[in-house]
Amino acid sequence: MSTILVTGGAGFIGSAVIRRVLRDGEHRVINVDALTYAGNLESLPGAANHPNYSFEHVNVRDASAVARCFREYRPDAVIHLAAESHVDRSIDEPGAFVMTNVVGTVNLLEAALDYSRSLPAARAQAFRVLHVSTDEVYGSLGPAGRFHEQSAYQPNSPYAASKAASDHLARAWFQTYRLPVVLTNCSNNYGPYQFPEKLVPLMIMKGIAEQPMPVYGRGEHTRDWLYVDDHVEALLAVLARGRPGETYCIGGRSERRNIDVVRAICALLDELAPRPSGRPAASLITFVADRPGHDLRYAIDSTKIVDELGATPRESFESGLRKTVEWYLANTEWTDRCLSGAYTGQRLGLEMGGAAS
(Lines give C-alpha, C1' and ligand atoms only; values in the text may rest on other atoms or scores of the structure.)
Protein backbone atom coordinates (compact mmCIF):
# COMPACT_ATOMS: atom_id res chain seq x y z
CA MET A 1 0.00 0.00 0.00
CA SER A 2 1.48 3.33 -1.07
CA THR A 3 1.17 6.54 0.93
CA ILE A 4 -0.07 9.81 -0.58
CA LEU A 5 0.48 13.08 1.28
CA VAL A 6 -2.19 15.63 0.37
CA THR A 7 -1.69 19.26 1.37
CA GLY A 8 -4.92 21.19 1.72
CA GLY A 9 -6.86 17.98 2.15
CA ALA A 10 -9.66 19.64 4.12
CA GLY A 11 -10.36 22.09 1.30
CA PHE A 12 -12.75 21.72 -1.59
CA ILE A 13 -10.61 19.86 -4.12
CA GLY A 14 -8.37 18.24 -1.51
CA SER A 15 -11.28 16.69 0.35
CA ALA A 16 -12.66 15.36 -2.95
CA VAL A 17 -9.28 13.74 -3.63
CA ILE A 18 -9.18 12.14 -0.19
CA ARG A 19 -12.78 10.90 -0.36
CA ARG A 20 -11.98 9.28 -3.72
CA VAL A 21 -8.73 7.67 -2.56
CA LEU A 22 -10.25 6.31 0.66
CA ARG A 23 -13.20 4.92 -1.27
CA ASP A 24 -10.74 3.11 -3.57
CA GLY A 25 -9.00 1.64 -0.50
CA GLU A 26 -5.63 1.02 -2.14
CA HIS A 27 -3.62 3.89 -0.67
CA ARG A 28 -2.89 5.42 2.70
CA VAL A 29 -3.63 9.17 2.86
CA ILE A 30 -1.98 11.83 4.99
CA ASN A 31 -4.05 15.02 5.15
CA VAL A 32 -1.88 18.07 5.89
CA ASP A 33 -4.09 21.12 6.39
CA ALA A 34 -4.00 24.34 8.38
CA LEU A 35 -7.81 24.43 8.74
CA THR A 36 -8.18 28.04 7.69
CA TYR A 37 -11.66 29.44 7.02
CA ALA A 38 -12.09 27.28 3.86
CA GLY A 39 -10.71 24.07 5.40
CA ASN A 40 -13.36 21.86 6.94
CA LEU A 41 -12.88 18.34 8.26
CA GLU A 42 -16.65 17.87 7.96
CA SER A 43 -15.96 17.60 4.22
CA LEU A 44 -14.41 14.21 5.00
CA PRO A 45 -17.26 12.22 6.57
CA GLY A 46 -16.04 8.99 8.10
CA ALA A 47 -12.38 9.67 7.35
CA ALA A 48 -11.30 10.08 10.96
CA ASN A 49 -12.09 6.43 11.68
CA HIS A 50 -10.69 5.07 8.43
CA PRO A 51 -7.61 2.87 8.94
CA ASN A 52 -5.86 4.38 5.89
CA TYR A 53 -6.26 8.02 6.97
CA SER A 54 -4.16 10.36 9.13
CA PHE A 55 -4.56 14.07 9.74
CA GLU A 56 -1.83 16.59 10.52
CA HIS A 57 -2.90 20.10 11.56
CA VAL A 58 0.01 21.79 9.79
CA ASN A 59 0.33 25.01 7.80
CA VAL A 60 2.60 24.81 4.76
CA ARG A 61 4.05 28.13 5.89
CA ASP A 62 5.71 26.18 8.72
CA ALA A 63 8.78 24.65 7.05
CA SER A 64 9.86 22.52 10.00
CA ALA A 65 6.38 21.04 10.47
CA VAL A 66 6.15 20.20 6.77
CA ALA A 67 9.55 18.51 6.87
CA ARG A 68 8.46 16.50 9.92
CA CYS A 69 5.45 15.17 8.03
CA PHE A 70 7.76 13.80 5.33
CA ARG A 71 10.07 12.19 7.86
CA GLU A 72 7.25 10.69 9.88
CA TYR A 73 4.96 9.37 7.13
CA ARG A 74 7.49 8.71 4.32
CA PRO A 75 5.08 9.25 1.43
CA ASP A 76 5.38 7.73 -2.02
CA ALA A 77 3.67 10.72 -3.64
CA VAL A 78 2.50 14.24 -2.84
CA ILE A 79 -0.50 16.15 -4.14
CA HIS A 80 0.09 19.81 -3.33
CA LEU A 81 -3.27 21.58 -3.11
CA ALA A 82 -2.79 23.84 -0.09
CA ALA A 83 -3.40 27.39 -1.27
CA GLU A 84 -5.26 30.58 -0.70
CA SER A 85 -7.55 30.44 -3.72
CA HIS A 86 -10.15 33.20 -3.85
CA VAL A 87 -9.40 36.10 -6.21
CA ASP A 88 -11.50 38.61 -4.27
CA ARG A 89 -9.70 37.84 -1.00
CA SER A 90 -6.35 38.26 -2.76
CA ILE A 91 -7.30 41.83 -3.64
CA ASP A 92 -7.89 42.59 0.04
CA GLU A 93 -5.04 40.49 1.51
CA PRO A 94 -2.31 39.89 -1.11
CA GLY A 95 0.38 39.22 1.49
CA ALA A 96 -1.42 36.14 2.81
CA PHE A 97 -1.47 34.72 -0.72
CA VAL A 98 2.25 35.24 -1.15
CA MET A 99 3.00 33.58 2.17
CA THR A 100 0.87 30.48 1.57
CA ASN A 101 1.07 30.04 -2.20
CA VAL A 102 4.69 31.09 -2.74
CA VAL A 103 6.55 30.57 0.54
CA GLY A 104 4.43 27.55 1.42
CA THR A 105 5.21 25.96 -1.94
CA VAL A 106 8.94 26.54 -1.44
CA ASN A 107 8.69 24.87 1.96
CA LEU A 108 6.90 21.90 0.40
CA LEU A 109 9.42 21.59 -2.45
CA GLU A 110 12.40 21.83 -0.10
CA ALA A 111 10.99 19.20 2.24
CA ALA A 112 10.14 16.91 -0.68
CA LEU A 113 13.62 17.29 -2.15
CA ASP A 114 15.41 16.55 1.13
CA TYR A 115 13.15 13.56 1.70
CA SER A 116 13.52 12.18 -1.83
CA ARG A 117 17.31 12.25 -1.50
CA SER A 118 17.02 9.95 1.52
CA LEU A 119 15.07 7.29 -0.38
CA PRO A 120 16.47 4.08 -1.82
CA ALA A 121 17.00 4.29 -5.57
CA ALA A 122 13.83 2.43 -6.56
CA ARG A 123 11.57 4.49 -4.30
CA ALA A 124 13.24 7.73 -5.35
CA GLN A 125 12.65 6.80 -8.99
CA ALA A 126 8.94 6.25 -8.35
CA PHE A 127 8.42 9.28 -6.06
CA ARG A 128 6.21 12.07 -7.47
CA VAL A 129 5.14 15.57 -6.47
CA LEU A 130 1.97 16.80 -8.17
CA HIS A 131 1.67 20.59 -8.03
CA VAL A 132 -1.92 21.67 -8.69
CA SER A 133 -2.52 25.11 -10.17
CA THR A 134 -5.05 27.18 -12.08
CA ASP A 135 -5.73 28.49 -15.58
CA GLU A 136 -5.80 32.01 -14.10
CA VAL A 137 -2.00 32.16 -14.38
CA TYR A 138 -2.43 32.63 -18.15
CA GLY A 139 -4.38 35.87 -17.88
CA SER A 140 -7.39 36.75 -20.00
CA LEU A 141 -8.41 35.37 -23.39
CA GLY A 142 -10.17 37.24 -26.16
CA PRO A 143 -13.34 35.89 -27.75
CA ALA A 144 -11.45 33.02 -29.43
CA GLY A 145 -8.75 30.53 -28.53
CA ARG A 146 -7.97 28.36 -25.51
CA PHE A 147 -5.17 28.07 -22.97
CA HIS A 148 -2.75 25.19 -23.47
CA GLU A 149 0.45 23.96 -21.89
CA GLN A 150 2.63 26.40 -23.87
CA SER A 151 0.49 29.48 -23.20
CA ALA A 152 2.41 32.47 -21.88
CA TYR A 153 1.88 33.44 -18.26
CA GLN A 154 0.14 36.79 -17.72
CA PRO A 155 -1.49 36.80 -14.27
CA ASN A 156 -3.76 39.76 -13.56
CA SER A 157 -4.74 39.32 -9.89
CA PRO A 158 -2.65 38.83 -6.76
CA TYR A 159 -4.05 35.30 -6.52
CA ALA A 160 -3.08 34.46 -10.10
CA ALA A 161 0.36 36.01 -9.63
CA SER A 162 1.00 33.97 -6.49
CA LYS A 163 0.00 30.76 -8.27
CA ALA A 164 2.13 31.67 -11.28
CA ALA A 165 5.09 32.10 -8.95
CA SER A 166 4.44 28.72 -7.36
CA ASP A 167 4.27 27.09 -10.82
CA HIS A 168 7.62 28.58 -11.79
CA LEU A 169 9.15 27.42 -8.52
CA ALA A 170 7.85 23.88 -8.97
CA ARG A 171 9.26 23.78 -12.50
CA ALA A 172 12.57 25.17 -11.27
CA TRP A 173 12.88 22.44 -8.64
CA PHE A 174 12.49 19.90 -11.43
CA GLN A 175 14.96 21.57 -13.78
CA THR A 176 17.57 22.47 -11.15
CA TYR A 177 17.31 19.65 -8.63
CA ARG A 178 15.56 16.97 -10.69
CA LEU A 179 12.76 16.70 -8.14
CA PRO A 180 10.11 14.65 -10.01
CA VAL A 181 7.43 17.33 -10.16
CA VAL A 182 4.38 17.21 -12.44
CA LEU A 183 2.19 20.31 -12.85
CA THR A 184 -1.48 20.75 -13.66
CA ASN A 185 -3.50 23.87 -14.49
CA CYS A 186 -7.26 23.49 -14.20
CA SER A 187 -10.35 25.48 -15.08
CA ASN A 188 -13.05 26.59 -12.61
CA ASN A 189 -14.14 23.76 -10.33
CA TYR A 190 -17.61 23.33 -8.87
CA GLY A 191 -19.41 20.60 -6.94
CA PRO A 192 -20.27 19.45 -3.39
CA TYR A 193 -18.42 20.77 -0.33
CA GLN A 194 -17.21 24.01 -2.00
CA PHE A 195 -16.87 26.91 0.41
CA PRO A 196 -19.75 29.29 -0.32
CA GLU A 197 -17.74 32.34 -1.32
CA LYS A 198 -17.34 30.98 -4.88
CA LEU A 199 -19.89 31.68 -7.60
CA VAL A 200 -21.84 28.41 -7.80
CA PRO A 201 -22.40 27.66 -4.09
CA LEU A 202 -22.91 31.31 -3.23
CA MET A 203 -25.61 31.76 -5.86
CA ILE A 204 -27.31 28.55 -4.70
CA MET A 205 -27.36 29.79 -1.12
CA LYS A 206 -28.54 33.27 -2.05
CA GLY A 207 -31.34 31.75 -4.11
CA ILE A 208 -32.43 29.44 -1.30
CA ALA A 209 -32.50 32.38 1.12
CA GLU A 210 -34.31 34.63 -1.41
CA GLN A 211 -31.51 37.18 -1.16
CA PRO A 212 -30.10 39.27 -4.04
CA MET A 213 -27.84 37.19 -6.30
CA PRO A 214 -25.05 39.66 -7.20
CA VAL A 215 -23.33 39.22 -10.56
CA TYR A 216 -20.30 41.30 -11.57
CA GLY A 217 -20.71 43.72 -14.47
CA ARG A 218 -23.23 42.32 -16.94
CA GLY A 219 -22.24 38.72 -16.27
CA GLU A 220 -20.30 38.43 -19.52
CA HIS A 221 -17.19 36.95 -17.89
CA THR A 222 -16.71 33.44 -19.28
CA ARG A 223 -15.18 30.39 -17.63
CA ASP A 224 -14.69 26.71 -18.45
CA TRP A 225 -16.48 24.74 -15.72
CA LEU A 226 -15.04 21.47 -14.39
CA TYR A 227 -16.97 19.19 -12.04
CA VAL A 228 -14.72 18.48 -9.06
CA ASP A 229 -14.89 14.68 -9.29
CA ASP A 230 -13.77 14.85 -12.92
CA HIS A 231 -10.85 16.99 -11.79
CA VAL A 232 -9.95 14.41 -9.15
CA GLU A 233 -9.90 11.59 -11.70
CA ALA A 234 -7.62 13.66 -13.92
CA LEU A 235 -5.27 14.43 -11.02
CA LEU A 236 -4.98 10.76 -10.10
CA ALA A 237 -4.24 9.93 -13.74
CA VAL A 238 -1.47 12.54 -13.78
CA LEU A 239 -0.07 11.26 -10.50
CA ALA A 240 0.00 7.69 -11.79
CA ARG A 241 1.09 8.22 -15.39
CA GLY A 242 2.14 11.83 -15.89
CA ARG A 243 5.72 12.56 -16.92
CA PRO A 244 7.94 14.52 -14.47
CA GLY A 245 8.62 18.04 -15.66
CA GLU A 246 5.46 18.10 -17.78
CA THR A 247 2.39 20.30 -17.43
CA TYR A 248 -1.16 19.07 -18.09
CA CYS A 249 -4.09 21.44 -18.60
CA ILE A 250 -7.36 20.08 -17.20
CA GLY A 251 -10.65 21.47 -18.50
CA GLY A 252 -14.32 20.61 -18.30
CA ARG A 253 -15.27 21.34 -21.92
CA SER A 254 -18.10 23.46 -20.49
CA GLU A 255 -17.52 27.10 -21.36
CA ARG A 256 -20.25 29.37 -19.95
CA ARG A 257 -20.79 33.05 -19.21
CA ASN A 258 -21.31 33.80 -15.52
CA ILE A 259 -24.83 35.07 -16.18
CA ASP A 260 -25.70 31.79 -17.92
CA VAL A 261 -24.34 29.82 -14.96
CA VAL A 262 -26.47 31.85 -12.56
CA ARG A 263 -29.58 31.49 -14.72
CA ALA A 264 -29.04 27.72 -14.89
CA ILE A 265 -28.81 27.63 -11.08
CA CYS A 266 -32.03 29.65 -10.87
CA ALA A 267 -33.85 27.23 -13.17
CA LEU A 268 -32.77 24.27 -11.04
CA LEU A 269 -33.82 26.02 -7.84
CA ASP A 270 -37.23 26.79 -9.35
CA GLU A 271 -37.58 23.10 -10.23
CA LEU A 272 -36.12 21.49 -7.12
CA ALA A 273 -36.89 23.99 -4.34
CA PRO A 274 -39.49 26.61 -5.33
CA ARG A 275 -39.47 29.60 -3.00
CA PRO A 276 -42.40 29.96 -0.57
CA SER A 277 -43.13 33.37 -2.07
CA GLY A 278 -43.49 31.85 -5.53
CA ARG A 279 -40.96 34.35 -6.80
CA PRO A 280 -38.76 33.01 -9.65
CA ALA A 281 -35.14 32.74 -8.55
CA ALA A 282 -33.96 34.70 -11.60
CA SER A 283 -35.78 37.76 -10.26
CA LEU A 284 -33.13 37.86 -7.51
CA ILE A 285 -30.27 38.46 -9.98
CA THR A 286 -28.64 41.83 -9.32
CA PHE A 287 -25.82 43.29 -11.37
CA VAL A 288 -23.08 44.96 -9.31
CA ALA A 289 -19.92 46.90 -10.06
CA ASP A 290 -17.14 44.72 -11.45
CA ARG A 291 -14.08 43.85 -9.42
CA PRO A 292 -10.63 45.25 -10.32
CA GLY A 293 -8.63 43.29 -12.91
CA HIS A 294 -11.45 40.85 -13.66
CA ASP A 295 -10.33 38.62 -16.57
CA LEU A 296 -12.98 38.40 -19.29
CA ARG A 297 -12.57 34.83 -20.49
CA TYR A 298 -10.77 31.58 -19.67
CA ALA A 299 -10.96 28.37 -21.68
CA ILE A 300 -8.83 25.21 -21.58
CA ASP A 301 -7.51 23.05 -24.41
CA SER A 302 -7.29 19.65 -22.69
CA THR A 303 -6.06 17.74 -25.75
CA LYS A 304 -2.79 16.70 -24.13
CA ILE A 305 -4.21 15.07 -21.02
CA VAL A 306 -6.96 13.37 -23.02
CA ASP A 307 -4.59 12.00 -25.64
CA GLU A 308 -1.75 11.01 -23.29
CA LEU A 309 -3.62 9.91 -20.18
CA GLY A 310 -7.20 9.33 -21.32
CA ALA A 311 -8.58 11.78 -18.74
CA THR A 312 -11.93 12.90 -20.14
CA PRO A 313 -14.67 14.56 -18.05
CA ARG A 314 -17.65 12.33 -17.37
CA GLU A 315 -20.08 15.06 -16.32
CA SER A 316 -21.63 17.59 -18.65
CA PHE A 317 -22.18 21.03 -17.18
CA GLU A 318 -25.90 20.29 -16.91
CA SER A 319 -25.48 16.97 -15.10
CA GLY A 320 -22.75 18.27 -12.80
CA LEU A 321 -24.69 21.41 -11.89
CA ARG A 322 -27.82 19.41 -11.09
CA LYS A 323 -25.82 17.14 -8.77
CA THR A 324 -24.31 20.22 -7.13
CA VAL A 325 -27.60 22.02 -6.53
CA GLU A 326 -29.17 18.82 -5.19
CA TRP A 327 -26.25 18.37 -2.77
CA TYR A 328 -26.47 21.91 -1.37
CA LEU A 329 -30.23 21.62 -0.96
CA ALA A 330 -29.71 18.40 1.01
CA ASN A 331 -26.82 19.70 3.11
CA THR A 332 -27.84 23.10 4.43
CA GLU A 333 -26.42 22.24 7.87
CA TRP A 334 -22.94 21.93 6.32
CA THR A 335 -23.19 25.35 4.69
CA ASP A 336 -24.66 26.90 7.85
CA ARG A 337 -21.63 25.73 9.82
CA CYS A 338 -19.29 27.01 7.10
CA LEU A 339 -20.82 30.44 7.51
CA SER A 340 -20.69 30.47 11.29
CA GLY A 341 -17.40 32.39 11.19
CA ALA A 342 -16.50 35.80 9.81
CA TYR A 343 -17.63 35.16 6.23
CA THR A 344 -21.41 35.35 5.76
CA GLY A 345 -21.75 35.94 2.04
CA GLN A 346 -20.60 39.55 1.90
CA ARG A 347 -18.67 40.88 -1.05
CA LEU A 348 -14.90 40.75 -0.99
CA GLY A 349 -12.37 42.33 -3.32
CA LEU A 350 -13.34 46.02 -3.19
CA GLU A 351 -11.61 46.86 0.04
CA MET A 352 -14.00 44.55 1.90
CA GLY A 353 -17.00 46.06 0.33
CA GLY A 354 -21.82 41.97 -2.00
CA ALA A 355 -20.53 38.74 -3.47
CA ALA A 356 -18.10 36.78 -5.58
CA SER A 357 -18.34 35.61 -9.15
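## Briefing: charged pairs, a buried glutamate and enclosed elements

Arg-322 is partly exposed, at 31% relative accessibility. The model it sits in is predicted. Arg-322 pairs with Glu-271 in a salt bridge, with 2.9 Å between the closest N and O atoms. The count of salt bridges comes to 21, while the count of disulfides comes to zero.

**Salt bridges**

- Glu-271 and Arg-322 form a salt bridge, and their closest N and O atoms are 2.9 Å apart. Glu-271 lies in helix H9 and Arg-322 in helix H11, so this pair ties together parts that are 51 residues apart in sequence.
- Glu-271 is partly exposed, at 47% relative accessibility.
- Arg-257 forms a salt bridge with Glu-220, and the closest N and O atoms are 2.8 Å apart. Arg-257 belongs to strand S11 (residues 255-257) and Glu-220 to the loop between S8 and S9, so the pair ties together parts that are 37 residues apart in sequence.
- Both ends of that pair are partly exposed: Arg-257 has a relative accessible area of 27%, and Glu-220 has one of 40%.
- Glu-220 and Arg-257 also belong to a network of salt bridges that links them with Asp-260 and Arg-263.
- Glu-315 and Lys-323 meet through their side chains in a salt bridge, at 2.4 Å from N to O. Glu-315 is buried, with a relative accessible area of 17%. Lys-323 is partly exposed, at 40% relative accessibility.

**Glu-149: buried, without a salt bridge**

- Side chains of opposite charge can pair when their charged atoms come close.
- Glu-149 is buried but has no salt bridge. The nearest side chain of opposite charge belongs to Lys-304, 5.2 Å away. The cut-off for a salt bridge is 4 Å.
- A polar atom of the Glu-149 side chain lies 2.8 Å from the backbone nitrogen of Cys-249.
- Leaving out residues up to four places away in sequence, Glu-149 touches Tyr-138, Thr-247, Tyr-248, Cys-249, Asp-301 and Lys-304.
- Glu-149 sits in the loop between strand S5 (128-134) and helix H6 (158-177).

**Cysteines**

- The disulfide count is zero.
- For Cys-186, the closest cysteine sulfur is that of Cys-249, 9.6 Å from its own, too far for a bond. A disulfide needs the two sulfur atoms within 2.5 Å.
- Cys-186 is buried, at 6% relative accessibility.
- Cys-69 is also buried, at 1% relative accessibility.

**Helix H7**

- Helix H7 (residues 199-208) is mostly covered, with nine of its 10 residues buried.
- The buried set is Leu-199, Val-200, Pro-201, Leu-202, Met-203, Ile-204, Met-205, Lys-206 and Gly-207.
- Among the strands, the buried residues of H7 pack against S7 (188-190), S8 (213-216) and S9 (222-227). Their helix partners include H9 (258-272), H11 (317-330) and H12 (332-338).
- Glu-210 follows H7 and has a positive phi, near 55°.

**Strands S1 and S2**

- Strand S2 (residues 27-33) has five of its seven residues buried, so S2 is largely enclosed by the rest of the structure.
- Strand S1 (residues 2-7) runs parallel to S2, and six bridges join the two.
- Thr-7 has Val-32 of S2 as its bridge partner.

Notes. Residues are numbered from 1 along each chain as its sequence is written. This is a predicted model: local features need pLDDT of at least 70, side-chain atom pairs count only at pLDDT 80 or more; totals for chains, interfaces and linings use all residues. Side-chain values use heavy atoms; hydrogens and water are left out. Helices (H or I, at least four residues) and strands (E, at least two) are DSSP runs, numbered from the N terminus. Buried means under 20% relative accessible area, exposed over 50%, partly exposed in between (1.4 Å probe, protein chains only). Lys and Arg count as positive and Asp and Glu as negative; His and the chain ends are not counted. A polar contact is a pair of N or O atoms within 3.5 Å; within protein, one must be able to donate a hydrogen and the other to accept it, and residues adjacent in sequence count only if both atoms are side-chain atoms. Contact means heavy atoms within 4.5 Å. Two strands pair if DSSP finds at least two bridges between them.
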